[in-house]
Amino acid sequence: MRPLWVFGYGSLVWNPGFAWTARQLAVLPGFRRSFCMLSIHHRGTVEKPGLVLALDAAEGASCNGVAFEIAPEIAEETMEYLRARELISAAYLEQVHNLTLDDGREVEAVVYVIDRTHDQYRGDLTLEEQAQRIAGATGGRGPNCEYLYQTAAHLAALGLPDDELEWLSDRVKVLKSAT
């Protein structure tokens with residue numbers, strides 16, 4: 001049996017919540033990391049939605065992140081966990097795409113991409129609008145700003161800084177200090 005690979009680009013990078021046997025930096029072509037999904041469960045509420053990251057299809061784009069190798073013996077339970085976590089509102093689509101690992105290998109990995117037809121898709125927000133929403137939202141897993149800060153810090157620590165996330169982190173800190 002072959003191992004299962006899962007691609008993390010947001011909170012999975014710093015809080016996978018499942019056992020893995022290997023972890024490598026990886027690149028996913030054809031998608032960009034974006035705060036384009038309203039969060040009504042984990043980082044916001046129905047009344048005051050936050051924003052979480054999603055993979056948004058974009059021609060010529062690529063997203064760097066972390067690929068996790070899962071042992072075949074626990075692949076099924078890992079997928080059950082991921083589906084309960086990631087598909088809570090059906091705004092993500094579970095897909096399999098090719099990744100290029102840091103060591104040069106190509107593997108097929110499970111990825112969660114935004115469904116652009118879902119009512120939680122908000123790819124039209126400016127960075128300032130994203131910052132305003134993130135600064136004011138809290139959901140079942142805590143403040144939306146903590147999700148942003150953790151993701152930006154962990155990506156930077158891995159040598160994968162994201163200019164948009166760094167700008168958002170700086171701006172949200174200013175907004176939070178003003179309240």
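This is a predicted model: local features need pLDDT of at least 70, side-chain atom pairs count only at pLDDT 80 or more; totals for chains, interfaces and linings use all residues.

Student: Is Ala90 buried, partly exposed or exposed, and what is its phi?

Tutor: Buried means under 20% relative accessible area and exposed means over 50%. Ala90 has 44% relative accessibility, so it counts as partly exposed. As for the backbone, Ala90 is a residue other than glycine with a positive phi, near 65 degrees.

Student: Which residues is Glu86 in contact with, leaving aside neighbours within four places in sequence, and which side chain does it join by a polar contact?

Tutor: With neighbours within four places in sequence left aside, Glu86 is in contact with Leu12, Tyr92 and Tyr112. The polar contact is between side chains and has a length of 3.1 Å. The partner of Glu86 in that polar contact is Arg85.

Student: In which strand does Ser34 lie, and what is its relative accessible area?

Tutor: Ser34 belongs to strand E2 (residues 22-39). Ser34 is classed as buried because its relative accessible area is 6%.

Student: What does the side chain of Ser34 make a polar contact with, and which residues is Ser34 in contact with beyond four places in sequence?

Tutor: The polar contact, at 3.3 Å, is with the side chain of Arg32. Once neighbours within four places in sequence are set aside, the contacts of Ser34 are Val52, Leu53, Ala54 and Asp56.

Student: Where does Asp119 lie, and is it buried or exposed?

Tutor: Asp119 lies in the loop that runs between strand E5 (106-114) and helix H3 (127-136). Its relative accessible area is 65%, and the cut-off for exposed is over 50%. Asp119 is therefore exposed.

Student: By what distance are the C-alpha atoms of Asp119 and Met37 separated?

Tutor: Asp119 and Met37 are 82 residues apart along the chain. Asp119 also has a side-chain polar contact of 3.1 Å with His118. The C-alpha separation of Asp119 and Met37 is 9.0 Å.

Student: Which residues does Cys145 touch, not counting those up to four places away in sequence?

Tutor: Cys145 is part of helix H4 (residues 144-157), and because its relative accessibility is 6% it counts as buried. Residues up to four places away not being counted, Cys145 touches Ile134, Val172 and Lys176.

Student: How many helices and strands does the protein have, and how does its radius of gyration stand against the globule rule?

Tutor: There are five helices and seven strands. The globule rule gives 16 Å for 179 residues, and the protein is as compact as a globular protein of that length because its radius of gyration is close to that, at 16 Å.

Student: How many positive and negative side chains are there, and how far apart do the centres of the two sets lie?

Tutor: The protein has 16 positive and 25 negative side chains. The centres of these two sets lie 6 Å apart.

Notes
Residues are numbered from 1 along each chain as its sequence is written. Side-chain values use heavy atoms; hydrogens and water are left out. Helices (H or I, at least four residues) and strands (E, at least two) are DSSP runs, numbered from the N terminus. The radius of gyration is taken over C-alpha atoms; the globule rule is 2.2 Å times the number of residues to the power 0.38. Lys and Arg count as positive and Asp and Glu as negative; His and the chain ends are not counted. The place of a charge is taken as NZ of Lys, CZ of Arg, CG of Asp or CD of Glu. Buried means under 20% relative accessible area, exposed over 50%, partly exposed in between (1.4 Å probe, protein chains only). A polar contact is a pair of N or O atoms within 3.5 Å; within protein, one must be able to donate a hydrogen and the other to accept it, and residues adjacent in sequence count only if both atoms are side-chain atoms. Contact means heavy atoms within 4.5 Å.
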